[in-house]
Amino acid sequence: MPDDLSNPEYPIPEDLRGQVTITTLDKIYNWGRRSSVWPMFWGLACCAIEMIATATSRYDMARFGMEVMRPSPRQTDLMIISGTVTKKLIPQIVRLYNQVPEPKYVMAMGACASGGGPFKEGYNVVSGVDQFLPVDVYVPGCPPTPQALIHGFLVLHKKIAAQPIKAIPGYQKAALEPLPIPVLGPDLINLRDLPRIPAAASGSGPEEA
Ligand code: SF4
């Protein structure tokens, strides 16, 4: 059993060391979760090629229990947003996010997903997927190397390991509301900005809504 699972507050007698460990429910539960994160298999642009390379035997995601990448939100708990997020695609991305069961995590892989990247000023590009989804880990680079993505996995594992079970979203009694799916019209409309739009149109609010 990994050393970080043991609870040093309860010393184990010398003759039982290596055979017995004492830990907490949070630690053992999160160890299981972080050791079996299943990413969704999909890609948006060039970053996806690096994500695919990470899954090959050279980098071996299987050592993290992450080799099961399925193109379905049903069996996933990690969305790697690997590539340029266009306005045309963000409604589908948010819809998929809502279909992933809790607890779920989002990783923004690369400059495009994190902030628009080289296409930031493009008419068709979202300047960061975090405008619409809660991002847990940002992986910098254009594209990030497989090593950078693996570092992102380790950061995510640390985050999962530190979450008390009682604080995990989705394990609360109150049902979580799905995120509003953006509407693609003449331009992209973020439904969370809806109250600001009439004010902007009448000139009494900020121009951008
Ligand atoms: S960050 Fe660079 S490599 Fe990744 S999708 Fe954007 S342009 Fe392609």
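This is a predicted model: local features need pLDDT of at least 70, side-chain atom pairs count only at pLDDT 80 or more; totals for chains, interfaces and linings use all residues.
**Overall layout**

The chain holds 6 helices and 5 strands. Read from the N terminus, the elements follow the order α-α-β-α-β-α-β-α-β-β-α. Along the principal axes, the C-alpha atoms fill a box of roughly 75 × 40 × 25 Å.

**A helix pair**

Two packed helices are described by the angle between their axes and the distance between the axes. Take helix H1 (residues 25-34) and helix H5 (residues 146-161). Their axes come within 9 Å and cross at roughly 150 degrees. Angles over 145 degrees count as roughly antiparallel, so H1 is roughly antiparallel to H5. The crossing of H1 past H5 is right-handed.

**Backbone features in loops**

| Residues joined | Bond | Omega |
|---|---|---|
| Glu102 and Pro103 | cis peptide bond | about -5 degrees |
| Cys142 and Pro143 | cis peptide bond | about -5 degrees |

Where does Pro103 lie? Pro103 is in the loop between helix H3 (90-99) and strand S2 (105-109). Pro143 sits in the loop between strand S3 (137-139) and H5. H5 is also the partner of H1 in the crossing described above.

Asp60 brings another backbone feature. Its phi is positive, at about 65 degrees, although Asp60 is not a glycine. Asp60 belongs to the loop between helix H2 (47-54) and strand S1 (78-82).

**The ligand shell**

Which residues surround the ligand? They are Ala45, Cys46, Cys47, Gly83, Thr84, Ala111, Cys112, Pro118, Phe119, Gly141, Cys142 and Pro143. The shell divides into 9 nonpolar residues, 3 polar and no charged.

**The second largest pocket**

Rolling a probe the size of a water molecule over the atoms shows where empty space is left. The second largest pocket contains about 150 Å³ of space. Its lining is made of Tyr97, Asn98, Val100, Glu102, Lys104, Pro169, Leu176, Glu177, Pro178 and Leu179. How many of these lining residues are charged? There are 3 charged residues, along with 6 nonpolar and 1 polar. Glu102 links this pocket to the table: Glu102 lines the pocket and is joined to Pro103 by a cis peptide bond.

Key
Residues are numbered from 1 along each chain as its sequence is written. Side-chain values use heavy atoms; hydrogens and water are left out. A residue is near a molecule or strand if one of its heavy atoms lies within 4 Å of it. Ala, Val, Leu, Ile, Met, Phe, Trp, Tyr, Cys and Pro count as nonpolar, Asp, Glu, Lys and Arg as charged, and the others, Gly among them, as polar. On a 1 Å grid over the protein atoms alone, a cavity is a set of points where a 1.4 Å probe fits but cannot get out, and a pocket is an open set with protein on both sides within 12 Å along at least five of seven lines; lining residues have an atom within 4 Å of a point. Grid points are joined across faces, edges and corners, and a volume is the space filled by probe spheres set on the points. Axes are lines fitted to C-alpha atoms, for helices over the stretch in contact, and angles run from 0 to 180 degrees between N-to-C directions. Helices (H or I, at least four residues) and strands (E, at least two) are DSSP runs, numbered from the N terminus. Angles under 35 degrees count as roughly parallel, over 145 as roughly antiparallel, 65 to 115 as roughly perpendicular and the rest as oblique. A crossing is left-handed if the near helix is turned anticlockwise from the far one by less than a right angle, and right-handed if clockwise.
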